[in-house]
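Here is a short note for a first look at this entry. Please keep the structure open while reading.

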Amino acid sequence: MPRRTATMLTSTLLLIALLCVGVLIPVPYSAMWPGPTVNTLSENEGEQVLQISDHRTYPVTGHLNMTTVRVTGADYTMNLVEAVSDWLSDDHIVVPHDTLYPKGQTAQQADQQNAEEFSQSQDSAKVAALSELHIPVGSRVIVGSVVKGSPAEGKLHAGDVIKSVDGTGVSQPGDVAKLVTKHKPGQDVVFIVVPSGEADKAGAPTRQVTIRTAKADGGRAIVGIQAMLGHTFPFPIDIKLADVGGPSAGLMFSLGIIDKLTPDNLTGGKFVAGTGTIDDNGQVGPIGGIAMKIIGARDAGAQYFLTPKDNCAAAAKNTPKGLRLVKVNSLNDALNALADIRTGKTADLPSCTAH
């Protein structure tokens, strides 16, 4: 065999061997890439995303798209070849697995957490939107969060409405703690709750949940929940969006609700996308995966992207051509920006910089 042929054959076999080894070597990383974007003003999979009944609504045009990020699953084990391939890709990011899934968190727990955060973001989006329109919103006591590994984990969930504790009705979050701490650690506490997914339905059934208390620092009894004020709304607002989790669509949901409840067309027919958490007071917070979200938005046709102030620097480092980043810190900032966009006064829009 000629030396050159032998050398090429050896190199080829070595490359194949390295690839085989790479496929077999697991690495502690996960991948993120752009997910679908959904227009909150339109339909998704045959259903209106925002469904408002028993109140006047107005025709809408244009786009107010929420954006998503796809990630490898909690139980997925990435190999070395995949990690290198994704690292070299322009539309993938490789991050440590523990960044997305803390140690000890199962896939089921990750899904539950995302679902609870999504439910809470919907609630806050409705409150912020209606408050902006000066429409009164009622309140109720709900489960705000459940401590991992606590007695309440798997029994109570974020968004559950707490009607009573040991037969005593509650009207403030502090009432829950007072009633629980009347017990000694190891004793049972009985909650009457309305599950979060049923809370806004007329005549929703209640559920009895019995939880054995644990001992906290100082010796007091706890069940491992943070109670908080939730809200009741004067008319039904349903957000229909399957297979989406986390809190990052809050801002876009608020804007979509306002657009449908007011005669002004917020976008003026323009294609606006965005992201950001939102609280009851309309403050916008940062999210993860901003680089992937702006890619997904531009690929879908977005011209403008409403960007949380604290994500601006990261987003500005690799902004897709043709997409203008607009910095927002509140719902009011976003509404002002949309007013400028629809009237063509875009020269002074607050922009994002990489510094």
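Where is the place of Ser248? The points below start there.

1. The model is predicted. In it, Ser248 sits in a loop. That loop runs between strand E15 (237–239) and helix H6 (250–261).

2. Ser248 matters here as a record entry. UniProt, in an unreviewed entry, lists Ser248 and Lys293 under "active site". The two are spread over 46 residues of sequence, yet they cluster in space, with a largest C-alpha distance of 10.6 Å. The lining of the largest pocket includes both Ser248 and Lys293.

3. Lys293 belongs to a helix. The helix is H7, residues 290–300.

4. Is Ser248 buried or exposed? Its relative accessible area is 14%, so Ser248 is buried, the cut-off being under 20%. Lys293 has a relative accessibility of 4% and therefore also counts as buried.

5. Look next at the side chains. Those of Lys293 and Ser248 make a polar contact at 2.7 Å.

6. Now the surroundings of Ser248. Neighbours within four places in sequence are set aside. Ser248 is then in contact with Thr67, Thr275, Gly276, Thr277, Ile287 and Lys293.

7. Which residues does Lys293 touch, not counting those up to four places away in sequence? They are Thr67, Thr68, Val69, Ser248, Thr275, Ile287, Gly288 and Phe305.

Terms used: Residues numbered from 1 in each chain as written. Predicted model: local features only at pLDDT ≥ 70, side-chain atom pairs only at ≥ 80, totals over all residues. Heavy atoms only, no water. UniProt positions renumbered as here; feature names shortened; annotations may be inferred. 1 Å grid on protein atoms, 1.4 Å probe; cavity = no way out; pocket = protein on both sides within 12 Å on 5 of 7 lines; lining within 4 Å. Helix = DSSP H or I, 4+ residues; strand = E, 2+ residues; numbered from the N terminus. Buried < 20%, exposed > 50% of the residue type's maximum accessible area, 1.4 Å probe, protein only. Contact = heavy atoms within 4.5 Å. Polar contact = N/O pair within 3.5 Å; in protein donor to acceptor, adjacent residues only side chain to side chain.
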